[in-house]
Amino acid sequence: MSADTPADRDDTPETPNAGAAAGAATAEERGGGLKVEADGGGSVVLKDAVPDTMFVFPLRNAVPFPNLMMPLLLDSPNARDIVAKAEAHNGFLFLVLQKDPEQQQPGGDGLHEVGVVTRILRTLKLPDGGMSAMTQGLRRARLQKVVRDKPHLVARIKEIVEIPAQGPRADSLFRLLQKQLQKLAEIQEQMDTGFATALLNVDDPSQLADFTGGVVRKVVDRQRLLAEAAVEPRLELALQLAMAETELVELDKKIQHEIRDKAEKAQKDYFLREQLKSIRRELGEEKDPRALELQRLEEAIGKANMPEAALRRAKEELTRLQTTPVESGEYGVIRNYLDWLVSLPWSVATVDDRDLDRAARVLADDHYGLEEVKERILEFLAVRKLRPGHQGSILCLAGPPGVGKTSLGRSIARAMGRKFWRFSLGGLRDEAEIKGHRRTYIGALPGRILQGLKACGSNNPVLLLDEVDKLGSDFRGDPSSALLEVLDPEQNHAFLDHYLDVPFDLSKVMFLATANVLAQIPEPLRDRMEVLEIPGYLLDEKVQIARRHLLPKQLERHGLESRHLSVPDTVWRRVVDEYTREAGVRGLDKVVQRLCRKTALEVGRGRQGVGRLSFAEMEQLLGKPRFRPDERRKQRLPGVVQGLAWTPVGGDVLYIEAVSSKGKGALQLTGSLGDVMSESARLAMSYLRSRAERFGIDLAKLAELDLHLHFPAGAIKKDGPSAGIAIASAFLGCILGKKAPTDVAMTGELTLVGEVLPIGGVREKVLAAKNFGLSRVILPKGNEPDVLELKKDLVEGLDVLYVDKFEQVFDILYGASSPPGRSASAVSKRKKKAARKPMRPAR
């Protein structure tokens, strides 16, 4: 059983006012022997004890307090019945907050323990036909027991004896609370005017603390204040609540002022603009900005020379824009769409420079070496010269980092006289980056392809899709699938961007792509492109690149001149050989930057600079060499061989170590080996056991040995079958106690019957062996055509020994003095090259 009160509407009980005294007089007339009188502060004070049993009136969102008036809205028959019976019984009513405001008829468990004993002063009829009752709070009381719950709650209560506040702390809390409430009354506009007057006339700390309940917003905080029997803690709690309420009121006023100022400024600006428009229209000085905007778009549509489908769509959207209010959010969406339509280069194209000699000079000026790559690019340009409308294949420049893939694309654009734009695909996972967002999304834009065309201002630029092997995919789509339409000559003449939703012709665009690892490119996408591999640079090529390109560029960037720093070729060779170990020249560029920074420091201090760099100054500026040309292991132990590996940054030479110890024939593998390489190790041991007699292995002794195979640099993951013959050679040297030569490295897949199968990455592995200073390389016989296609400089001075059986590897390392096979330098002198066999995937 519950009744709504006016507190349900404004969440604050009525504060003491001048009507309290009149209520006290009426209560004395009807008190039934209970004496009630008004004190000096306008509050009503109970002089005699209250009964211990009375009717209970649950409150949903209001908390009563002693000495405060509490009006009750009797909007239900139950509420009116309770008040009528309480008046007939003894005139007392126990008001208490219920725990759940939504509960209709709470029992004793649904009520708070502490409430207020009130005296019903009068009941009034309202103009709308309802009734209300005015009650006066008398004393705090605790609900002890529910005596009867039907038809109405009747409970036994017990008065709460207050613990008075004494001492200087209580006096200080009283004064502070009084000041805080006065401050709150000053800044709160809705506060009753009699509230401040009543504060000045209250000298009882208990009553002042109860007054605070009239200004606290939260019902739970009011109940905490009511439940506190001791006056001093109640004063402290009331002070905390009053201070918090003051801060909230100040924040409310600040926010209201800010919003009011903004609204007033916006309204003022609106009226001023309208007045200015009217004045300008009257004077004939300026047209309406909306009309000017529409006129601009209409003229731009006429000049854009769009295809018929795009022109029809643009006119439709312009008609929609003319009927859309400026204040509408749709107005900005349509205007942005039209801006994109008119800004795209539908018919704007640059004139191609078809001079192949000039293109060759540009490529030669920008890049040293890479003759095969330059020749293929010139062939590509020649076809476009003879057949301008022929799209041809899409070139994919593949190779390690730092070999000049991106700069080659820029040189191609310069040689053709076209605009250049680079689009990095690394880490791209959203298909909308390629094909755009639909206009239904907030902040929608066209894809990066059309953004690049707008930036270039022509419909035939050179677009470089950088790092195409690093595309990702997730729930937002597969960008590699979206690129299929872009790169397919049969489809890209009508490329449909989701934002534009009209076809755009990409057939005139020259697409180039770059990649580090071809195996990571999806097969359908790789099928659209012609791969042009850039393996890396030789020592002499790096020296020339550093002398011709890297040093002049860094001197200019650091504000230096050639007289401040010059490097002889002999010093360049030492720098390249001892401070870098890479396929490209990115690390070499960082070394050159360090030299220029050291020189800039000298010049900045007023000195002459380094001048002509010597070997001693090289070590002084760059520190001790990171790599030594003689860092190969001179004292080789049995079981250690050199293998060749392919990595995304080029080839590398790695050591393979095997040791034996007494045991039971166990095999242990370490060095972060993958599944395929681990299988190669177990396969090698099975093969050696099967040919034990051929290699002189004592199987009885081998059964009493534990073998351990290790690949150094254990933090780097290693996998692939191309280390098969190197692993078998390491096991064989360990078992036989023989040392392998230090000038030979090998690579090749080993089968269970001892055959050596071809592998991939031959160019990178041969280049790594040459840079490492080796003189012999063992390769599978099936890779001979790959070696024949290498440049003569790459294999000069390097003997490539071809094998198709492991017995030949054994003879080279541990057996015959004349190894079988044929050197690459001798093979390269053949006039007619062998037909190239299809290369297997890189291993």
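## A walk through the model

Pro151 lies in the loop between strand S7 (131–148) and strand S8 (154–159). Strands (E, at least two residues) and helices (H or I, at least four) are DSSP runs, numbered from the N terminus. What you see is a predicted model, in which local features need pLDDT of at least 70 and side-chain atom pairs count only at pLDDT 80 or more, while totals for chains, interfaces and linings use all residues. Residues are numbered from 1 along each chain as its sequence is written, and side-chain values use heavy atoms, with hydrogens and water left out.

What kind of peptide bond joins Lys150 and Pro151? The bond is cis, with omega at about 0°. As background, most peptide bonds are trans, and most residues other than glycine have a negative phi.

Asn67 has a positive phi, near 70°, although Asn67 is not a glycine. You will find Asn67 in the loop between strand S3 (53–59) and strand S4 (69–74). With a relative accessible area of 14%, Asn67 is buried. Here buried means under 20% relative accessible area, exposed means over 50%, and partly exposed is in between (1.4 Å probe, protein chains only).

Ser672 also has a positive phi in a residue other than glycine, this time near 60°. Look for Ser672 in the loop between strand S20 (667–670) and helix H23 (675–690). Its relative accessible area is 32%, so Ser672 counts as partly exposed.

### An enclosed helix

Now turn to helix H6 (residues 205–212). This helix is largely enclosed by the rest of the structure, because 7 of its 8 residues are buried. The buried ones are Ser206, Gln207, Leu208, Ala209, Asp210, Phe211 and Thr212.

### Salt bridges

How many salt bridges does a search of the whole structure find? There are 41. A salt bridge is a side-chain nitrogen of Lys or Arg within 4 Å of a carboxyl oxygen of Asp or Glu.

Let us start with Arg169 and Glu236, whose side chains meet in a salt bridge at 3.0 Å, N to O. Arg169 belongs to helix H4 (residues 168–187) and Glu236 to helix H8, so this pair ties together parts that are 67 residues apart in sequence.

A second pair, Glu578 and Arg574, has its salt bridge at 2.6 Å, N to O. Both residues sit in helix H20 (residues 569–579), 4 residues apart, which is about one turn of the helix. An α-helix has 3.6 residues a turn, so residues three or four places apart point the same way.

Arg574 forms a salt bridge with Glu619 too, where the closest N and O atoms are 3.7 Å apart. This pair links distant parts of the chain, since Arg574 is in helix H20 and Glu619 is in helix H22 (residues 615–622), 45 residues apart. Elsewhere, salt bridges that share partners join Arg140, Glu162, Asp210 and Arg234 into one network.

The table shows how accessible the paired residues are.

| Residue | Relative accessible area | Class |
|---|---|---|
| Arg169 | 47% | partly exposed |
| Glu236 | 32% | partly exposed |
| Glu578 | 5% | buried |
| Arg574 | 25% | partly exposed |
| Glu619 | 26% | partly exposed |

### The second largest pocket

Finally, look at the second largest pocket, which holds about 810 Å³ of space. On a 1 Å grid over the protein atoms alone, where a 1.4 Å probe fits, a pocket is an open set of points with protein on both sides within 12 Å along at least five of seven lines, and lining residues have an atom within 4 Å of a point. The volume is the space filled by probe spheres set on the points, which are joined across faces, edges and corners.

Which residues lie nearest the centre of this pocket? Of the 33 lining residues, they are Gly402, Gly404, Ser407, Lys553 and Val585. At least two lining residues come from each of helix H12 (356–366), helix H14 (405–416), strand S14 (510–515), helix H19 (539–557) and helix H21 (586–604). H14 gives the most, with 6 residues.

By class, the lining has 8 nonpolar, 10 polar and 15 charged residues. Asp, Glu, Lys and Arg count as charged, Ala, Val, Leu, Ile, Met, Phe, Trp, Tyr, Cys and Pro as nonpolar, and the others, Gly among them, as polar.
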